[in-house]
Amino acid sequence: MDLSERNYGVSLLNDCKYGHDIKDNVMRISLLRAGTHPDYLQDQGEHTFIYSLLPHKGDFVEGEVVKEAFALNEPMQAVKGESILGYDSFLSFDNEQVEVDAVKKSEDGKYIVVRFHEFAGSRQEVALKPGFTWQAWAQCDLRERPVTEFVRDEIRMDLHAYEIKTILIEV
């Protein structure tokens with residue numbers, strides 16, 4: 001969660017607590033839920049969580065709060081490996097306000113599926129650059145059915161605020 005004004009803000013990040021609120025400039029995280037239905041034993045026992053107070057310049061976008069929250073929840077892991085066909089990255093975006101949600105093989109095994117979204121709350125133009133040889137791409141729905149024609153041009157599109165896009169890449 002973030003409490004910002006134009007030039008300065010503070011974010012409260014955590015790795016597992018979904019209940020939070022801000023009232024009268026006070027930020028709170030709900031640590032336990034006291035409900036008894038559907039599970040009367042819920043939230044009993046020992047709990048472990050991580051939280052972080054992140055002061056930042058500017059609003060949550062300029063303060064890179066989404067990147068910091070992702071780094072807290074998904075710490076980078078180093079593994080020994082090699083560059084694939086001499087490329088530095090499997091895929092990259094030319095816009096820092098777009099985040100990858102999923103990369104997988106399509107259910108029919110014919111394509112690579114890439115799902116991503118705009119997180120800053122504004123219209124964006126984005127280009128996706130695969131770090132591998134590819135043939136064509138198309139936008140698709142969540143059931144991996146193409147909703148546009150496959151094209152061989154660069155992967156470039158406009159996103160609305162908070163819009164989620166899913167594409168198929170033919171390799």
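Biologist: How many aromatic pairs does the structure hold?
Modeller: The structure holds 4 aromatic pairs. Rings of Phe, Tyr and Trp (its six-membered ring) pair if their centres lie within 6.5 Å; planes under 30 degrees apart count as stacked, over 60 as edge-to-face and the rest as tilted. One caution: this is a predicted model, where local features need pLDDT of at least 70 and side-chain atom pairs count only at pLDDT 80 or more, while totals for chains, interfaces and linings use all residues. Residues are numbered from 1 along each chain as its sequence is written, and side-chain values use heavy atoms, with hydrogens and water left out.

Biologist: Take F93 and F116. Why is that pair tilted?
Modeller: The ring centres of F93 and F116 are 5.0 Å apart and the planes stand at 55°, so the pair counts as tilted.

Biologist: Which parts does the pair tie together?
Modeller: F93 is in strand β6 (residues 91-93) and F116 is in strand β8, so the pair links parts that are 23 residues apart in sequence. Strands (E, at least two residues) and helices (H or I, at least four) are DSSP runs, numbered from the N terminus.

Biologist: Are F93 and F116 buried or exposed?
Modeller: Both F93 and F116 are buried. Buried means under 20% relative accessible area, exposed over 50%, and partly exposed in between, with a 1.4 Å probe and protein chains only.

Biologist: Now the sheet. What is the order of the 4 strands in the open sheet?
Modeller: The order is β7-β8-β12-β10, with antiparallel pairing. The edge strands are β7 (98-105) and β10, each of which pairs on one side only. Neighbouring strands of this sheet are turned by 25° against each other on average, direction ignored. For that angle, axes are lines fitted to C-alpha atoms, for helices over the stretch in contact, and angles run from 0 to 180 degrees between N-to-C directions.

Biologist: How many bridges are there between β8 and β12?
Modeller: Strand β8 (residues 111-118) pairs with β12 over 7 bridges, in the antiparallel sense. Two strands pair if DSSP finds at least two bridges between them. One example is Y111, whose bridge partner in β12 is E170. Strand β10 (residues 136-139) also pairs with β12 in the antiparallel sense, over 4 bridges, and there W137 has I169 as its partner in β12.

Biologist: How many residues of β12 are buried?
Modeller: In β12 (residues 164-170), 5 of the 7 residues are buried, and the strand is mostly covered.

Biologist: On to the loops. Which peptide bond is cis, with omega near 10°?
Modeller: The bond from H37 to P38 is cis. P38 is in the loop between β4 (26-29) and β5 (51-57).

Biologist: What about phi of E64?
Modeller: E64 has a positive phi, near 55°, and is not a glycine. Most residues other than glycine have a negative phi. E64 sits in the loop between β5 and α1 (65-73). At 37% relative accessibility, E64 counts as partly exposed.

Biologist: And where is Y162?
Modeller: Y162 is in the loop between β11 (155-159) and β12. Y162 also has a positive phi, of about 60°. With a relative accessible area of 52%, Y162 is exposed.
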